[in-house]
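Biologist: Let us go through this model together, one question at a time. Please give the cut-offs of each term when it comes up.

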Amino acid sequence: NESARRRAPCEASYLPFKRAVELEPRNAYAHDSFASVLLDVRGDRPRAEEHFRAAVRLRPKFPLPHRGLAAILEHRGDLDGAIREMSAFVSLSGDPDRHGAAKLASLRERRAERLAAEASTRRAEAQARVHEGNQLVAQEKWDEALAAYRAAVELNPEMTEAWFAIGASEAGRNGNQSCEAMYAPLQKCVELCPGHAAAHCC
């Protein structure tokens with residue numbers, strides 16, 4: 001499938017491909033070829049992206065510009081975008097040498113690792129907000145404590161400890177008496193952890 005392959009570009013092809021785009025601005029192959037020179041030879045990613053996208057607009061089922069866009073988006077750190085474009089390349093080209101599938105698997109693995117790292121960071125930050133809230137509760141600074149606990153559940157919506165602390169702090173702000181504001185967070189705590197005895201008792 002020749003539409004899935006491209007010869008390695010060189011500097012000498014810059015002016016001919018540039019001229020081809022000028023003469024035939026609606027030629028997807030010209031845009032793709034010029035973009036490949038801009039990307040692989042000159043390292044001009046912004047202009048390369050412009051011409052790869054032009055090629056996709058002009059010929060949506062042409063696979064090569066999707067691969068070029070995947071490389072640009074990966075370099076930018078947009079792994080979701082890179083996966084989307086590489087998936088399009090594999091689907092449209094049939095991926096005759098299987099390099100596209102291997103690259104796609106690598107991108108997905110990197111995205112999974114990034115998501116796991118981000119989730120770990122959010123959990124650690126949420127735990128820090130809970131610790132902050134606990135210190136504020138000890139000083140009976142209920143409003144500040146509630147703000148800290150709510151920040152924790154924004155970071156980690158499944159943090160049972162923080163939901164319970166919100167309910168308990170609402171009660172504390174009400175003179176340690178039951179109040180309507182405490183029920184929703186305590187209900188969330190029970191939903192997340194049905195065996196949370198303290199939440200059931202409040």
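Modeller: Buried means under 20% relative accessible area, exposed means over 50%, and partly exposed lies in between, with a 1.4 Å probe and protein chains only. This is a predicted model, in which local features need pLDDT of at least 70 and side-chain atom pairs count only at pLDDT 80 or more, while totals for chains, interfaces and linings use all residues. Residues are numbered from 1 along each chain as its sequence is written, and side-chain values use heavy atoms, with hydrogens and water left out.

Biologist: Is Tyr 29 buried, partly exposed or exposed?

Modeller: The relative accessibility of Tyr 29 is 39%. Because that value lies between the cut-offs of 20% and 50%, Tyr 29 counts as partly exposed.

Biologist: Which residue forms an aromatic pair with Tyr 14?

Modeller: Rings of Phe, Tyr and Trp (its six-membered ring) pair if their centres lie within 6.5 Å; planes under 30 degrees apart count as stacked, over 60 as edge-to-face and the rest as tilted. A search of the whole structure finds two aromatic pairs. In the tilted pair that includes Tyr 14, the centres are 5.4 Å apart and the planes make 50 degrees, and the partner is Phe 34.

Biologist: How many residues apart in sequence are the parts that Tyr 14 and Phe 34 tie together?

Modeller: Helices (H or I, at least four residues) and strands (E, at least two) are DSSP runs, numbered from the N terminus. Both Tyr 14 and Phe 34 are buried. Tyr 14 lies in helix H1 (residues 14-23) and Phe 34 in helix H2 (residues 28-40), so the parts that the pair ties together are apart in sequence by 20 residues.

Biologist: Which residue lies over the face of Tyr 14?

Modeller: A charge sits over a ring if NZ of Lys or CZ of Arg is within 6 Å of the ring centre and within 35 degrees of the ring normal. At 3.5 Å from the ring centre of Tyr 14, the residue over the face is Arg 42.

Biologist: What is the angle between the planes of Tyr 29 and Phe 62?

Modeller: Tyr 29 lies in helix H2 and Phe 62 in the loop between helix H3 (45-58) and helix H4 (64-76), so the pair ties together parts that are 33 residues apart in sequence. Phe 62, at 4% relative accessibility, counts as buried. The pair is tilted, with 4.5 Å centre to centre, and the angle between the planes is 55 degrees.

Biologist: Which residues does Glu 49 touch, not counting residues up to four places away in sequence?

Modeller: Glu 49 is found in helix H3 and, at 12% relative accessibility, counts as buried. With contact meaning heavy atoms within 4.5 Å, and with residues up to four places away in sequence not counted, Glu 49 touches Leu 69, Ile 72 and Arg 76.

Biologist: With which residue do the side chains of Glu 74 meet in a salt bridge?

Modeller: A salt bridge is a side-chain nitrogen of Lys or Arg within 4 Å of a carboxyl oxygen of Asp or Glu, and by this rule the count comes to 15 salt bridges. Glu 74 counts as buried at 17% relative accessibility. At 2.5 Å, N to O, Glu 74 meets Arg 110. The pair links distant parts of the chain, 36 residues apart, with Glu 74 in helix H4 and, in helix H6 (residues 99-138), Arg 110.

Biologist: How far apart are the closest N and O atoms of Arg 111 and Asp 80?

Modeller: Arg 111, at 28% relative accessibility, counts as partly exposed, and Asp 80, at 47%, also counts as partly exposed. In the salt bridge between Arg 111 and Asp 80, the closest N and O atoms are apart by 3.0 Å.

Biologist: What radius of gyration does the protein have?

Modeller: The protein has 10 helices and zero strands, and its C-alpha atoms fill a box of roughly 80 × 30 × 25 Å, taken along the principal axes. The radius of gyration is taken over C-alpha atoms, and the globule rule is 2.2 Å times the number of residues to the power 0.38. A compact globule of 202 residues would have a radius of gyration near 17 Å, but the protein has 27 Å.
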